[in-house]
Amino acid sequence: MKRETSMALITVMMWSTLAPAVKLTTENIPTMQMLCITSGLAFLFLLFYNGIRNKLSLIKKMSPQTILKMAGLGFLGLFLYSALYYYGIDQLTSSEACILNYLWPLMTVIFSGILLHEPMTAKKIVSMLLSFLGIVILSLGGEHGSGNAALGILACILAAACYGLFSVLNKKEGMDQGLTMMVIWLTTSLCAALCSLFGKPWVPVHGLSWAGLIWIGVFLNAVAYLLWALAINGTDSTAAIANLAYLVPLLSMILSILFLHEPLKLQLILALVLIVGGILLQNLPSKKPI
């Protein structure tokens, strides 16, 4: 358990840097270019990882339908999710975007009820209402980022919905996660490359921008997701490990204040408490489904 907890905590600390890292990197590089490069780096890392584990031969044994399912999951769960989330980060402060992003566990509960027929309980309903109230508080009053706040909030909510649906469908399919994530990141990179043809032109990458791309692509995308999967799969207490993820928006807010000089607002704190508190509430045992 200590090993799994350590891996999960390392992942949490790494993921807490995502919103600030994306905010800084997209100042110099178009979003789709960044998503294409970082996803490509994640794919290459996982290609190497699966290669040393002698798993690449399993791809040849998979049916075209299975590979298409992996690609479909990649389009939904990481291309659409990342594109929407990164757009939200660009429009809002990184703190606001990260807090809204952590609606995805709530979206997972909603889609689990619809697709996996998991029971809806009173606690889950209260959890949803608390998180919704957090969205309302975050969207009302105060200054947001330099872009369109309404579109940024909507993008982050849609991103959370995409990732929540992806989590449920991925669980439902039950495929090998090492190979699945490799195909998913390749799909994400190719989709981002295609979209970049219709958006801002690519720009040369220099110096610290490469450091940001490598950090996001190799460490936050490939290594962090891999560590998280190993932690979840290796523990007897999934809930205890999963709950550590709710430290991410708090740590991200602290990093954004320290390094991006974003203001600490009561509005942010209240939204964080309501959204994360509501999601934690849904993990408490419920006696009677309704």
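# Helix ends and helix packing

Helix H9 is followed by Gly 174, which has a positive phi, near 65°. The model is predicted, so local features need pLDDT of at least 70 and side-chain atom pairs count only at pLDDT 80 or more, while totals for chains, interfaces and linings use all residues. Residues are numbered from 1 along each chain as its sequence is written, and side-chain values use heavy atoms, with hydrogens and water left out. Helices are DSSP runs (H or I, at least four residues), numbered from the N terminus.

**Helix H9**

- H9 covers residues 149-173, 25 residues in total, and reaches 36 Å from its first C-alpha to its last.
- That is close to the 36 Å expected at 1.5 Å a residue (1.5 Å times one less than the number of residues).
- At the N-terminal end, H9 is capped by Asn 148, with a side-chain oxygen 3.2 Å from the backbone nitrogen of Ala 150.

**H6 against H9**

- Helix H6 (residues 94-101) packs on H9 at an angle of about 35°, with the axes 8 Å apart (axes are lines fitted to C-alpha atoms over the stretch in contact, and angles run from 0 to 180 degrees between N-to-C directions).
- H6 passes H9 in a right-handed crossing (the near helix is turned clockwise from the far one by less than a right angle).
- Ala 97, Leu 100 and Asn 101 of H6 meet Ile 153, Cys 156 and Ala 160 of H9 (contact means heavy atoms within 4.5 Å).
- This contact has five nonpolar residues, one polar and no charged (Ala, Val, Leu, Ile, Met, Phe, Trp, Tyr, Cys and Pro count as nonpolar, Asp, Glu, Lys and Arg as charged, and the others, Gly among them, as polar).

**H3 against H5**

- Helix H3 (residues 31-52) and helix H5 (residues 64-91) pack at about 140°, with their axes 10 Å apart.
- H3 is therefore oblique to H5 (angles under 35 degrees count as roughly parallel, over 145 as roughly antiparallel, 65 to 115 as roughly perpendicular and the rest as oblique).
- The crossing of H3 and H5 is right-handed.
- Thr 31, Met 32, Met 34 and Leu 35 of H3 contact Phe 79, Ser 82, Ala 83 and Tyr 86 of H5.
- Six of these residues are nonpolar, two polar and none charged.

**H5 against H10**

- H5 packs on helix H10 (residues 177-196) at about 60°, with axes 8 Å apart.
- H5 is therefore oblique to H10.
- H5 and H10 cross in a right-handed sense.
- The contact includes Phe 75 and Phe 79 of H5 and Trp 185 of H10.
- By class, the H5 contact with H10 has 15 nonpolar, four polar and no charged residues.

Note on methods: Helix = DSSP H or I, 4+ residues; strand = E, 2+ residues; numbered from the N terminus. Polar contact = N/O pair within 3.5 Å; in protein donor to acceptor, adjacent residues only side chain to side chain.
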